Amino acid sequence: MVTTEEVDTTRQYEIPEGVLLEFRLAGPLVRAGAWAIDAAIRAVLYIAIGLSFSYFGGVGVAIILIALFLIEWFYPVLFEVKSGATPGKKAMGIWVIHDNGTPVTLSASVIRNLLRAVDFMPVMYGFGLLSMLFNREFKRLGDLAAGTLVVYRDSYEKRPELPSSTAVRPGVELTESEQQAVLAFAERAPALSSERRVELAEILSEISGRKGERAVDGIYGYANWLMKGR
Amino acid sequence: MRQEQFEQAYRPLWDKLGALLDEMELSRRKRNLDKARAAALPTLYRQVCSHYALARSRRFSPALLEQLHHLVLRGHRHLYRQRGAWLWRTLDFIGGGFPRALRRHRGYFLLALTSFLLPALLLGLACYVDPDMIYSLMDEQQVAEMESMYDPSGSHPGRSEARSSETDFMMFGFYIFNNIGIGFRTFAGGMLLGVGSLFMLLFNGLVLGGVAGHLTRLGYHDTFWSFVSGHGAFELTAIVICGAAGLMLGHALLAPGQRRRIPALKAAAAEALKLVLGAALMLLAAAFVEAFWSSSTLDAAIKYGVAVLLWALVVFYLVFAGRSRHGSL
C-alpha cells in the first residue's frame, strides 16, 4: 500500500522537542500564480514611479532608476522579511520559511532573491522550474542555496466538533488505524453530503448491521465510545 | 486515559499557549507583553509538544492532532526564530566583517582577479599594438562612440554630451541600477557551476582591457584614465569580489568535499553573501564617485592623485580592517 507520506507533497521536520512538524509544499503552479500577482503589482509601481518622477529632470530620472533597482532586487526581500510572504504569495496562501520551519531571515531572503537571476534563465524561470521538478521539495535554485522552503500557510479553522451520539462499543476489536479512521470520519462527516456520508458509513454495515442514516449514527456512536469511553 | 479526559485536563494549558502566541504575533507596537509572560513560552511550548507526541502515539482523533500540531508549529516559529540587532550588525559588517570574510576566502578572490585581469592585460596589450584588434570585440559603431566619448577635443571628455549637475544625478541613478545589477548577476552566475561568474569576469576583463588599450594607443590616455581610475578602485574590485562569491557557489556544487552538495551549497552561499553585500556597498560608493567626481573637468593630475588615494584606501580597508590585535585574519 502506498502511504500518504509517499503521495502527498508534504515535508516533515523533526524539531528539537522530538516531534514531527509537517509542512505542505507549494508547487510550481501556485508559485507561478503568486509571481504573476507580484509582477502585476510591480508593473503598477514602475508606472506610478515613472510617471510621477518624470517631471523632475535629472534628479527625477535618478530616483526612477534607483527605485527600479530596488524593486527589481529587493521587493520580495522586504515583504519576506516583514511577514514571510510577498503580496502575491499572501494572496495565494503561501509563504517562505527556513528548512527548519522558522521564519525566513534577511540573509536567506537576500540569497534566494539574488539567485532569482539564474532561476529566471534562460527564459521565464526555465532553470527554476527544472530545479523544482528535480527535487522533492519544489525548491528553485535560490531556495537550494538559501535553505528555504515555500509552503502553504496553514490556516487553522475552528476545530470540528464530534457529532454527539450515545457511545456504542464496536462489535469487533478495531486496530489503531481503524480507530483513527472512525474518528476521522466522525469529525469530517458533517462537512460531507448526506449521500456520501451514508455511502461511506455503509462500508461497515456488516459490523454494525445498520443501513442509511442509522449506519452513520452507528459510527458516530463508535467514535464517541473511542473518545469518551462511556 | 481517554481522549476526552486528556483534553479536559490540558485544554487550559493549550488555551494559555494559544493566547500567548496570539499576542506575540501582533506587531511590536500593539503588543502588550511583559517579560514574565513572554518567559513562560519555552515551558508552555515544550509541554504542548509532549502533549502532541502523546496524542499522536495514542491515536487520538485527527482534529485534536491538527489543533495541537498547529500550536506546536506556531510555538516553534517563535521560540527558534532569529532576531537581529540589524543596525549594529550592519556597522560591524562594514567595520570588519566584510574584509575579514574576503580574507578568509582570498583564494577565490585571487582566482577571480586572475580571470579578470589576465584577459584584460592580454587584450589591452593587443589593442595597444594592433589598431584593428578592437574590432574583434566591438562593431564599428560602438568603437566610434567610445572614441568620441573620450576624445580630448570634445567639450566634456568622459561623456558624449555636456554635463550638468542634473546629468550627474541621472548617471548616479544609472550606475546604481546598472552596475550593482551586474555585480548581483555576476554572483548569481555562480549557480551555473561557476561558469556564469567566470564568463562575466572574462567578458568584463576583455572589454575593459580592449577599450583601455585602444584609447591609450590613440593618445586619449588623460581623458580615459583620469575618468576611470578614481571609481575603478571601488568598481573593479567589487566586480571581482562578486565573481569570487559566485566561484564559491560553483566550487561547492562541483566539489562539495565531505558534505553532500546541497548542504555544501548552503554553507557556501551564506559566506558568499557577505562578499556580495560588501561588494554592493562598494559599488554604491563607486556610483557616487563615478557620477560626481570622475566626470569633473579638473586637472588630470589632481584626479590621478585622488585615484591613488582611493586605491590605497580600498586596499588598506580590505587588507587591514577588522584585524584583531593577535594577528588573526
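Helix axes are taken here as lines fitted to C-alpha atoms over the stretch in contact, and angles run from 0 to 180 degrees between N-to-C directions. Helices are DSSP runs of H or I with at least four residues, strands are runs of E with at least two, and both are numbered from the N terminus. The model is predicted, so to speak of local features pLDDT of at least 70 is needed, side-chain atom pairs count only at pLDDT 80 or more, and totals for chains, interfaces and linings use all residues. Residues are numbered from 1 along each chain as its sequence is written, while chains are lettered from A and ligands numbered from 1 in the order in which they are written.

H3(B) and helix H4 (residues 62-79) of chain B pack at an angle of about 150 degrees, their axes lying 9 Å apart. The crossing of H3(B) with H4(B) is left-handed, a term used when the near helix is turned anticlockwise from the far one by less than a right angle, with clockwise giving right-handed. Residues are in contact if their C-beta atoms, placed from the backbone, lie within 7 Å. On the H3(B) side the meeting residues include Tyr45(B), Val48(B), Cys49(B) and Tyr52(B), and on the H4(B) side they include Leu68(B), Leu71(B), Val72(B) and Gly75(B). By class, this contact has 13 nonpolar, four polar and one charged residues; Ala, Val, Leu, Ile, Met, Phe, Trp, Tyr, Cys and Pro count as nonpolar, Asp, Glu, Lys and Arg as charged, and the others, Gly among them, as polar.

Val48(B) belongs to helix H3 (residues 41-57) of chain B and is buried, with 23 other C-beta atoms within 10 Å. The label buried requires 20 or more other C-beta atoms within 10 Å of a residue's own, exposed means 12 or fewer, and partly exposed falls in between, with C-beta atoms placed from the backbone. Beyond its neighbours within four places in sequence, Val48(B) is in contact with Leu13(B), Trp14(B), Leu17(B), Leu68(B), Leu71(B), Val72(B) and Gly75(B). Gly75(B) is 27 residues away along the chain, and its C-alpha atom is separated from that of Val48(B) by 9.2 Å.

Chain A comprises 12 helices and four strands. Its C-alpha trace spans about 85 × 35 × 30 Å along the principal axes. The radius of gyration of chain A is 25 Å, whereas a compact globule of 230 residues would have a value near 17 Å; the radius is taken over C-alpha atoms, and the globule rule is 2.2 Å times the number of residues to the power 0.38. Of the 230 residues of chain A, 35% count as buried.

Within chain A, helix H9 (residues 176-188) and helix H12 (residues 213-228) pack at an angle of about 115 degrees, with axes 9 Å apart. This crossing, too, is left-handed. Val182(A), Leu183(A) and Phe185(A) are among the H9(A) residues that make the contact, and Ile219(A), Ala223(A) and Leu226(A) are among those of H12(A). By class, the contact has 10 nonpolar, one polar and no charged residues.

Two backbone features in chain A deserve a look. Met121(A) and Pro122(A) are joined by a cis peptide bond, with omega about -15 degrees, and Pro122(A) sits in the loop between helix H6 (116-119) and helix H7 (126-133). Phe138(A), in the loop between H7 and helix H8 (141-146) of chain A, has a positive phi, near 50 degrees, although this residue is not glycine. Phe138(A) is buried, with 21 other C-beta atoms within 10 Å.

The two chains meet through 48 residues of chain A and 49 residues of chain B. On the chain A side, H3(A) gives the most, with 12 residues. By class, that side has 30 nonpolar, 11 polar and seven charged residues.

A nonpolar core is a set of buried Ala, Val, Leu, Ile, Met, Phe, Trp, Tyr and Cys residues joined through C-beta atoms within 7 Å. In the largest such core, of 106 residues, those touching the most other members are Ala145(A), Ile241(B), Ala244(B), Leu249(B), Ala272(B) and Val276(B). Helix H10 (residues 221-254) of chain B supplies the largest share of this core, 18 residues. Apart from it lies another core of 16 residues, including Leu162(A), Val182(A), Leu183(A) and Leu226(A).
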